[in-house]
Amino acid sequence: MNKEHTIIQEFTKGLFAHNPLFVALLGMCPSLAVTTSVRNGLAMGMAVILVITLSNVLISLIRNQIPKAVRIPCFIVVIAAFVTMVELLMKAYLPPEINESLGIFIPLIVVNCVIMYRAEDFASKHGVFRSAIDGIGMGAGFTLALATLSTIREAIGVGTILGVKISETYQPASVMIMAPGAFLGLGLLLAYFNWRRLRKGEKA
Amino acid sequence: MAETPERVELIVSSSPHIRGPENIPKVMWTVVAALVPAGLMGVYFFGYYVLEVIFLCVATAVAAEAACQKLRGRSVTVNDGSAVITGILLAYVLPPSVPWYIPVVGAAFAIAIVKHTFGGLGNNIWNPALAARAFLQIAYPAPINSDWRSLHEAGFLQSITLTDDKGQLVHAVTRATPLFKEAGWEKYDYMSMLIGNVPGCIGETSAIALILGGLYLIYRGYVDWRVPVGFIGTAFILAQVLPPRIETPWANDPFYHVLAGGLMLGAFFMATDMVTSPLTKKGLAIFGIGCGLLTVLIRFYAAYPEGVCYSILIMNTATPLIDRYTQPKLLGGGKTAPGGKG
């Protein structure tokens, strides 16, 4: 993470090269739990984008005031504040069934390792603007990953995408929306991305 | 020089097929031959649709094997018959009336996920056919668990629903859905269970055909007798000794437990899979006994009616541990060569 990154790169690294879920393997717990449907995945992703961007900005602003020894508790307080806001906002404006199915995983964003990782690794070392861009990029990358995983799981496990039936004759394999399906889906996606990275490495 | 033999031995001991790579096809095709009688009995009792299921399983398994080997940049070795065995075994543990997509999905899962993500032939942790069966059981609960149709009674390709017919489920042999408890179904006599005139999965119906095939494999030395003897013996004894929680007339009938369900198929063909069972003789005995114990425990006390599939999968998981604890004392010593079974 050196300074030579352009602003554009600062954004896109979160999407692909340093994707928090598919490359850094962070935030697996919410990813596995909430990706039973595309709607849930997207809602979770939006919440994470909001929290990670705002917390990155604030932590970057106060990064010189935070004593090194207690930085983690400070980060958590900042993140928890934003998570509380987001949670209240979601309860107010999103349909109740989404809140119900996301349940405990919205408060648990507080300890989401993606956000901690960006706070520790980026926001506490970089300026406000770069930190904001980094937060949006990482959040978008996480959302992209959640959307990919949840699309696959919903399509195979329920036979719908965003609630729309794919085909009348398709027989859903309900295992994909259960826990084993989450691990299988994520594992196969990781295998695919690793395979692609290896191929790229071979070519280069 | 001292290093070379040790290295060679390591490779031999970690290989599943003790007779060396050039013999894999021979072993595999012999197992296929030993499986044929049970399949014929299945066709005889359940109708010709069974052939279609077996064909779908085998064709998909072979195609998936070839595709995976191609993708992984390995030489394509579908002729060795191991994918064929997986396909046949998977078909044998499926209900006779499954819709066409279940064998296809199951066989593809068995080969691509259970076998090749772990490194292909010889490296898989679980028996591919059984793991696929467990996967299908949660992926498509309805056709596998409850929605069984008796093709034999309905005639070729006609279907009747299960509720008020006499037990179509072999898995109901122990205890199935509440549906089955209410149906109050009969106890089959030993003779029809031996021959196979009972409801069940395609290949597990005829105990006698499975025993014959299994004995042939033991005679040829491809199967170690400790596994089936340990498996069946333990199940036989425990079925008599343990207090069952199920209330059926055959709950403590050891012959019934041994003949019913997938026990014979599991004991002779699934648990003895060279890849996923221990390498030492002591380990094989432990493996067989563990399978028998878990089978009875699941049949008596767990939610699922049949325990053979899960007991073997659990023991597969424990296989590396068993291997470690039954390792011959002197590493490299010739006393008990690991894998020197048969």
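**Exercise 1.** In chain B, what percentage of the contacts with a separation of 6 or more is accounted for by residues 24 or more positions apart?

*Solution.* The structure is a predicted model. Begin with the contacts in chain B that have a separation of 6 or more; residues 24 or more positions apart account for 73% of these. As background to that value, chain B holds 16 helices and 0 strands, and 51% of its 342 residues count as buried.

**Exercise 2.** Describe how helix H2 of chain B packs with helix H3 of chain B, and state which residues make the contact.

*Solution.* Two packed helices are described by the angle between their axes and the distance between the axes. For H2(B), residues 24–46, and H3(B), residues 49–71, the angle is about 140° and the axes lie 8 Å apart. Because angles over 145 degrees count as roughly antiparallel and those of 65 to 115 as roughly perpendicular, this angle makes H2(B) oblique to H3(B). Next come the residues: H2(B) contributes Gly39(B), Gly42(B), Val43(B) and Phe46(B), while H3(B) contributes Val50(B), Leu51(B) and Ile54(B). Sorted by class, the residues of this contact are 5 nonpolar and 2 polar, with no charged residue.

**Exercise 3.** Locate the two domains of chain B and characterise the side of domain 1 that touches domain 2.

*Solution.* Domain 1 of chain B covers 26–156 and domain 2 covers 223–326, and their C-alpha centres are 21 Å apart. Each domain of chain B gives 13 residues to the contact. On the side of domain 1, the elements that give two or more residues are H4(B), 82–92, and H6(B), 128–139, and of these H6(B) gives the most, with 4 residues. The residues on this side of domain 1 are 9 nonpolar, 3 polar and 1 charged.

**Exercise 4.** Work out how H6(B) is placed against H16(B), and which residues of the two helices meet.

*Solution.* The axes of H6(B) and H16(B), the latter spanning residues 308–325, come within 10 Å and cross at roughly 125°, and the two helices are therefore oblique to each other. The crossing in which H6(B) passes H16(B) is left-handed. From H6(B), Leu130(B), Ala131(B), Arg133(B) and Ala134(B) meet Cys309(B), Tyr310(B), Ile312(B) and Leu313(B) of H16(B). By class this contact has 7 nonpolar residues, no polar residue and 1 charged residue.

**Exercise 5.** How many residues of chain A and of chain B are in contact with each other?

*Solution.* Chain A supplies 6 residues and chain B supplies 7; on the side of chain A, 4 are nonpolar, 2 are polar and none is charged.

Definitions and conventions. Residues are numbered from 1 along each chain as its sequence is written. Chains are lettered from A and ligands numbered from 1 in the order in which they are written. This is a predicted model: local features need pLDDT of at least 70, side-chain atom pairs count only at pLDDT 80 or more; totals for chains, interfaces and linings use all residues. Domain bounds come from an automatic or database domain assignment. Ala, Val, Leu, Ile, Met, Phe, Trp, Tyr, Cys and Pro count as nonpolar, Asp, Glu, Lys and Arg as charged, and the others, Gly among them, as polar. A residue is buried if 20 or more other C-beta atoms lie within 10 Å of its own, exposed if 12 or fewer, and partly exposed in between; C-beta atoms are placed from the backbone. Axes are lines fitted to C-alpha atoms, for helices over the stretch in contact, and angles run from 0 to 180 degrees between N-to-C directions. Angles under 35 degrees count as roughly parallel, over 145 as roughly antiparallel, 65 to 115 as roughly perpendicular and the rest as oblique. A crossing is left-handed if the near helix is turned anticlockwise from the far one by less than a right angle, and right-handed if clockwise.
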